[in-house]
Amino acid sequence: MSKDSPIPVDEQLPRIRSALRETDSVLLCLDFDGTMAPIVDDPSEATPLTTAVDAVQSLASNPTVRTAVVSGRSLADVRSRLDGPSLFAGNHGLEIQRRGSVSVHPIARKRSTLVDRSCIELSDAFDSFDDCWVENKRLTATVHRRSNSPDRRETIRRVTKSVLDRVGEGRLTYSRGRRILEISPRIPWGKGNAVEVLRRSVPADSLVVYLGDDTTDELAFEAVEPEGIGILVGEPAPSRASARLDSPAAVASFLHWLESDALARSKRSQMNAVGRPSQRTVQ
Ligand SMILES: O=P(O)(O)OC[C@H]1O[C@H](O[C@H]2O[C@H](CO)[C@@H](O)[C@H](O)[C@H]2O)[C@H](O)[C@@H](O)[C@@H]1O
């Protein structure tokens, strides 16, 4: 699938509205950093926007919507930051919580020792760097690069690669994200697979809407489009998403818009259930 520049959501409202009208059930998947929470320097301080949380909680209590968070953070970390959704995927989908139980990718579980060892080596290697540190998420890890200098960023990438080649025994790999390098087991598994697993928790004809801002979200957009709706959050850029929102603040507004649509949909299905004629109330 080729990458084009996604079209602003505002210009796509007719298409989104009509997709919503054709379904009785929505699976709403949300990335966390850069989507629900604005990007900040210190990852431990990332907080979702209150208005976005309000909308998600209200959507989570609507019978026609299932809400899910799909994050690169560990499951425990992202769960502690956002209350409401019933489905969670952490570590880029390597750990998934649904129906109250958690499943961990078996190969990722085995390779967590390699992630641990690599984090120790990388932390040593970057000890004297004041613009770089390592976040160990057990199944994956993140090297945070804060320098604006391309040379410095390249040095950090080279050091990371050489540690992974040596300590990771070829069984770990890395990719680039927003001011980070994401370290993960070298297996064909990502956020797209996570969305496929989460889909099993909703009716087969559910409309899947996925919002995300970073490179790892591209696999999820690919899994969702074109039947579902992928929404890139951030500056215009080539993406597999078909729609775009500017920022987490715009995400919050969109979620409130979805909330009013969901309310109308649940009223509609209640009326259908008691045998009255269906009424389309979504504007
Ligand atoms: O999939 P996500 O939920 O978006 O998680 C991706 C990574 O998010 C975090 O890093 C990003 O957000 C930080 C806080 O705003 C920011 O400091 C960093 O530059 C961003 O890349 C998190 O720290 C990583 O572990 C996640 O993989």
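1. By class, the shell around the ligand has ten charged, seven polar and six nonpolar residues, where Ala, Val, Leu, Ile, Met, Phe, Trp, Tyr, Cys and Pro count as nonpolar, Asp, Glu, Lys and Arg as charged, and the others, Gly among them, as polar. The ligand is surrounded by 23 residues, of which the closest are Phe32, Asp33, Pro43, Ser71 and Gly72; a residue is near a molecule if its C-beta atom, placed from the backbone, lies within 6 Å of it. Strand S8 (141-145) and strand S10 (180-185) are the elements that give two or more residues to this shell.

2. On conventions, this is a predicted model, in which local features need pLDDT of at least 70 and side-chain atom pairs count only at pLDDT 80 or more, while totals for chains, interfaces and linings use all residues. Residues are numbered from 1 along each chain as its sequence is written.

3. The protein is divided into domain 1 (7-104 + 189-273) and domain 2 (106-185), with bounds that come from an automatic or database domain assignment. The C-alpha centres of domain 1 and domain 2 lie 28 Å apart. Across the boundary, 14 residues of domain 1 are in contact with 13 residues of domain 2, contact being counted if the C-beta atoms of two residues, placed from the backbone, lie within 7 Å. The side of domain 1 that touches domain 2 has seven polar, four nonpolar and three charged residues. The shell around the ligand draws at least three residues from each of domain 1 and domain 2.

4. Helices (H or I, at least four residues) and strands (E, at least two) are DSSP runs, numbered from the N terminus. The axes of helix H2 (residues 50-60) and helix H8 (residues 248-273) come within 8 Å and cross at roughly 25°; axes are lines fitted to C-alpha atoms, for helices over the stretch in contact, and angles run from 0 to 180 degrees between N-to-C directions. H2 and H8 are therefore roughly parallel to each other, since angles under 35 degrees count as roughly parallel, over 145 as roughly antiparallel, 65 to 115 as roughly perpendicular and the rest as oblique. Thr51, Ala52, Ala55, Val56, Ser58 and Leu59 in H2 meet residues of H8 that include Pro248, Val251, Leu255 and Ala262. The contact of H2 with H8 comprises ten nonpolar, three polar and one charged residues.

5. Within 10 Å of each other, the axes of helix H4 (residues 106-125) and H5 cross at roughly 140°, which makes H4 oblique to H5. The crossing of H4 and H5 is right-handed, whereas that of H2 and H8 is left-handed; a crossing is left-handed if the near helix is turned anticlockwise from the far one by less than a right angle, and right-handed if clockwise. From H4, Leu114, Arg117, Ser118, Glu121, Leu122 and Ala125 meet Val159, Thr160, Val163, Leu164 and Val167 in H5. Seven nonpolar, two polar and two charged residues make up this contact of H4 with H5.

6. Helix H6 (residues 191-199) and H7 pack with their axes 6 Å apart, at an angle of about 45°, and are therefore oblique to each other. Lys191, Gly192, Val195 and Glu196 in H6 meet residues of H7, among them Asp217, Leu219 and Ala220. The contact of H6 with H7 has five nonpolar, four charged and one polar residues.

7. Two backbone features deserve a look. Glu225 and Pro226 are joined by a cis peptide bond, with omega about 0°, and Pro226 has its place in the loop between helix H7 (217-224) and strand S12 (229-233). Glu169, a residue other than glycine, has a positive phi near 50°, and lies in the loop between helix H5 (150-167) and strand S9 (172-177).
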